[in-house]
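Student: I am new to this structure. Please show me how to read a few of its features.

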Amino acid sequence: MFRYLILLVILCVNNVLSFPQGATTGTCNAMVPVHQSNVPQSGNPPITLIVPDQITAGSQISVIIRANPGQGFAGYKILARDQANNFIGRFVETDGVGLLNCGQLQGSAATHTNAIVKTEVVLTWEAPQTSEITSITFL
């Protein structure tokens with residue numbers, strides 16, 4: 001068993017107008033929304049990202065995106081990168097969760113599939129099989 005250092009970085013937009021069925025692969029590298037009428041937030045995110053402190057190679061974990069009390073979010077996009085900034089792991093497709101292939105890695109990002117305001121999304125993410133990864137950043 002090895003430890004991953006989990007760093008949390010979130011970019012979330014309150015309203016999704018241009019892409020109600022989810023983000024596109026064109027946003028994988030910059031992780032900036034390309035909505036015509038929305039701009040990235042400059043303040044604290046309206047959500048909290050919950051992940052385990054320790055992840056075992058090849059394991060499945062729950063990644064929870066939870067709105068802060070009294071807030072909600074319509075759109076999201078999340079992916080994981082390793083210490084060398086490579087896309088790693090994959091998300092499992094479930095109802096209401098769309099998958100994107102970033103860096104030619106199948107299912108490496110997850111996104112919304114509708115513009116309904118949400119208070120919580122629970123995703124399943126599969127860690128890579130290798131133990132050479134020393135840190136993971138969810139973006």
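Tutor: Start with burial: a residue is called buried under 20% relative accessible area, exposed over 50%, and partly exposed in between (1.4 Å probe, protein chains only). Phe73 is buried, its relative accessible area being 0%. This is a predicted model, where local features need pLDDT of at least 70, side-chain atom pairs count only at pLDDT 80 or more, and totals for chains, interfaces and linings use all residues. Residues are numbered from 1 along each chain as its sequence is written, and side-chain values use heavy atoms, with hydrogens and water left out.

Student: How many aromatic pairs does a search of the whole structure find?

Tutor: Rings of Phe, Tyr and Trp (its six-membered ring) pair if their centres lie within 6.5 Å; planes under 30 degrees apart are stacked, over 60 edge-to-face, and the rest tilted. The search finds two such pairs. Phe73 and Tyr76 are edge-to-face, at 6.3 Å centre to centre with 85° between the planes. Tyr76 is buried, at 6% relative accessible area. Trp125 and Phe138 are also edge-to-face, at 5.1 Å and 75°. Trp125 lies in strand E8 and Phe138 in strand E9 (residues 135-138), so this pair ties together parts 13 residues apart in sequence.

Student: In what order do the strands of the open sheet come?

Tutor: Strands (E, at least two residues) and helices (H or I, at least four) are DSSP runs numbered from the N terminus. Two strands pair if DSSP finds at least two bridges between them. The order is E2-E3-E8-E5, with antiparallel pairing. E2 (47-50) and E5 (90-91) are at the edges with a single partner strand each, so one side of each has no neighbour in the sheet. Seven bridges join E3 (residues 60-67) to E8 (residues 120-126).
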